[in-house]
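Let's take a walk through a protein chain together. Have the sequence and the 3D view ready, and follow along as we go from the overall fold down to single residues.

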Amino acid sequence: MNYTENYRGIKVDVQAPQIDVPAGLQEQIRKSIDKLLRFTPVINAVDIYLNISGTGKTAERTLGMRVGIPGPDVFSEEKAKDRWNTMLRAVVDKNVRQLQKGK
C-alpha cells in the first residue's frame, strides 16, 4: 500500500509495497512529524519506506525515514522483528539526533 498525504503543509509519502498500513500507524507517523517539527522550523517532505523480507519467523522488517529539510536531508533506518510503532519511534529518535547535530 502506497499513499501520499499533505500533513500541515508537509508532503508525506509512505511506500509499503507488501503491507497494508493500519490507521494507527498512520496516526503515529503524524505524531512523529509533530515531534520532528520541534527540532527544525521547516520540513518540506517526509518519505517513509516499510518492507518485510523473508517469511514466517525469519521475516525481517525494515523501516526507513527520510526527512526533507533545507540543506542536507536526514535519513535513518531500522531493521528488526519488532512492531512497526517501536521501529518508527527508534527511527524518529535517530533523526532527532541528526537534526540536533546540524544546529
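Helices and strands here are DSSP runs (helices are H or I with at least four residues, strands are E with at least two), numbered from the N terminus. Ser-76, for example, sits in strand β5, which covers residues 74-80. Before going on, keep in mind that you're looking at a predicted model, where local features need pLDDT of at least 70 and side-chain atom pairs count only at pLDDT 80 or more, while totals for chains, interfaces and linings use all residues. Residues are numbered from 1 along each chain as its sequence is written, and side-chain values use heavy atoms, with hydrogens and water left out.

Now zoom out. The chain has two helices and five strands, and if you read along the sequence they come in the order β-β-α-β-β-β-α. How does the chain's radius of gyration agree with that of a compact globule? For 103 residues, such a globule would have a value near 13 Å, and the chain has 13 Å, so the two agree. (That radius is taken over C-alpha atoms, and the globule rule is 2.2 Å times the number of residues to the power 0.38.) Along the principal axes, the C-alpha atoms fill a box of roughly 40 × 25 × 20 Å.

What about inside and outside? A residue is called buried under 20% relative accessible area, exposed over 50%, and partly exposed in between (1.4 Å probe, protein chains only). Buried residues make up 44% of the 103 in the chain. Contact means heavy atoms within 4.5 Å. Of the contacts with a separation of 6 or more, 45% are between residues 24 or more positions apart.

Back to Ser-76: is this residue buried or exposed? Its relative accessibility is 5%, so Ser-76 counts as buried. The Ser-76 side chain reaches the backbone oxygen of Val-91 at 3.0 Å. Leaving aside neighbours within four places in sequence, Ser-76 is in contact with several residues, including Leu-63, Gly-64, Met-65 and Gln-98.

Beyond its neighbours within four places, Asp-47 is in contact with Asp-13, Gly-64, Met-65 and Arg-66. With Arg-66 there's a polar contact, side chain to side chain, at 2.5 Å. (A polar contact is a pair of N or O atoms within 3.5 Å; within protein, one must be able to donate a hydrogen and the other to accept it, and residues adjacent in sequence count only if both atoms are side-chain atoms.) Asp-47 has 11% relative accessibility and therefore counts as buried.

Next, have a look at some loops. Arg-8 lies in the loop between β1 (2-7) and β2 (10-15). Its phi is positive, about 55°, although Arg-8 is not a glycine. Arg-8 is exposed, because its relative accessible area is 61%. Gly-9 is found in the loop between β1 and β2 too, and with 59% it's exposed. Gly-9 and Thr-55 are 46 residues apart along the chain, and their C-alpha atoms are separated by 38 Å.

Pro-17 belongs to the loop between β2 and α1 (23-37), and at 61% relative accessible area Pro-17 is exposed. Pro-17 and Tyr-49 are 32 residues apart in sequence, with 8.9 Å between their C-alpha atoms.
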